[in-house]
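The paragraphs below then go from the ligand to the backbone.

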Amino acid sequence: MSELKRLAGEKAIEFVEDGSVVGVGTGSTVAYFIEALGRIRDRIAGAVSSSEQSTRQLKSLGIEVLDLNAVGPLRLYVDGADECDPHRRLIKGGGAALTREKIIAQASDRFICIIDPAKQVPVLGRFPLPVEVIPMARSLVAREILAITGGQPVWREGVVTDNGNWVLDVHGLQIVDPVVMEERLNQIPGVVSVGLFARRPADVVIVGGEPPQVLR
Ligand SMILES: O=C(CO)[C@H](O)[C@H](O)COP(=O)(O)O
């Protein structure tokens, strides 16, 4: 599995433009991308990072980590996913970095998602949907999610996001229309962000393999 993740991560390097600032996601697949980015660090102007974990790895390879507010829109964002459907819509947030990932994806012209083949699904929802919540709203949001969707929210106890918030993982969802589901869950007071990337899907998906598959 990690070999397939490595192949996807390394393929994404071909999309990096010289002199650009690269948006960088979080997770084990992205770790291979960052490793490869380290080998071409003299060709890029730096990175915007979606998590403390990725920031540490980027800095350890001598890549400057920049503030999104200072660099403005990005040309490219590269990130992994927990699930990907045939329309390049995603479930993300297994690593609890969904909010910053969503911000950088939205701020980027092109979002490239790197996955191993096991992440491909016909319909989203087998992977429990992560939802980042303000701590005081945890039970309110859980009740609302149950009422609206019928899914079972489970508190990822002990996990605190880089933003100081908590995560609910929603099990057993029937995600018939991911855009509608994303919008409805976003409206619950106390929800910071929802790990559905349907309103802003990936532009390109790279599936690790020999050779990697590039889906547009
Ligand atoms: O959304 C994420 C982190 O919040 C990751 O992209 C997702 O969990 C996939 O991780 P991995 O590449 O380790 O399988």
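The ligand is surrounded by 17 residues, and the closest are Gly27, Thr29, Gly80, Gly94 and Gly95. A residue is near a molecule here if its C-beta atom, placed from the backbone, lies within 6 Å of it. This is a predicted model, in which local features need pLDDT of at least 70 and side-chain atom pairs count only at pLDDT 80 or more, while totals for chains, interfaces and linings use all residues. Residues are numbered from 1 along each chain as its sequence is written.

The shell around the ligand holds four nonpolar, nine polar and four charged residues. Ala, Val, Leu, Ile, Met, Phe, Trp, Tyr, Cys and Pro count as nonpolar, Asp, Glu, Lys and Arg as charged, and the others, Gly among them, as polar. Helix H2 (28-39) and helix H5 each supply at least two residues of this shell. Helices (H or I, at least four residues) and strands (E, at least two) are DSSP runs, numbered from the N terminus.

Helix H5 covers residues 98-106 and contains glutamate 101. The UniProt record, an unreviewed entry, places the feature "active site" at Glu101. UniProt positions are given in the numbering used here, feature names are shortened, and annotations may be inferred rather than shown by experiment. Is glutamate 101 buried or exposed? Glutamate 101 is buried, because 31 other C-beta atoms lie within 10 Å. The cut-offs are 20 or more such atoms for buried, 12 or fewer for exposed, and partly exposed in between, with C-beta atoms placed from the backbone. Leaving out residues up to four places away in sequence, glutamate 101 touches Gly25, Thr26, Ser50, Asp79 and Lys92; contact requires C-beta atoms, placed from the backbone, within 7 Å.

Helix H2 also belongs to a right-handed β-α-β unit, together with E1 and E2. Right-handed means that, with the strands pointing away from the viewer, the path from the first strand over the helix to the second runs clockwise. Strands E1 (residues 21-24) and E2 (residues 46-49) run parallel and are joined by four bridges; two strands pair if DSSP finds at least two bridges between them. Glycine 23 has valine 48 in E2 as its bridge partner.

Some backbone details remain. Most residues other than glycine have a negative phi, and most peptide bonds are trans. Alanine 96, in the loop between E5 and H5, has a positive phi of about 65 degrees. Glutamate 210 and proline 211 are joined by a cis peptide bond, with omega about 5 degrees.

Methods
Two residues are in contact if their C-beta atoms, placed from the backbone, lie within 7 Å.
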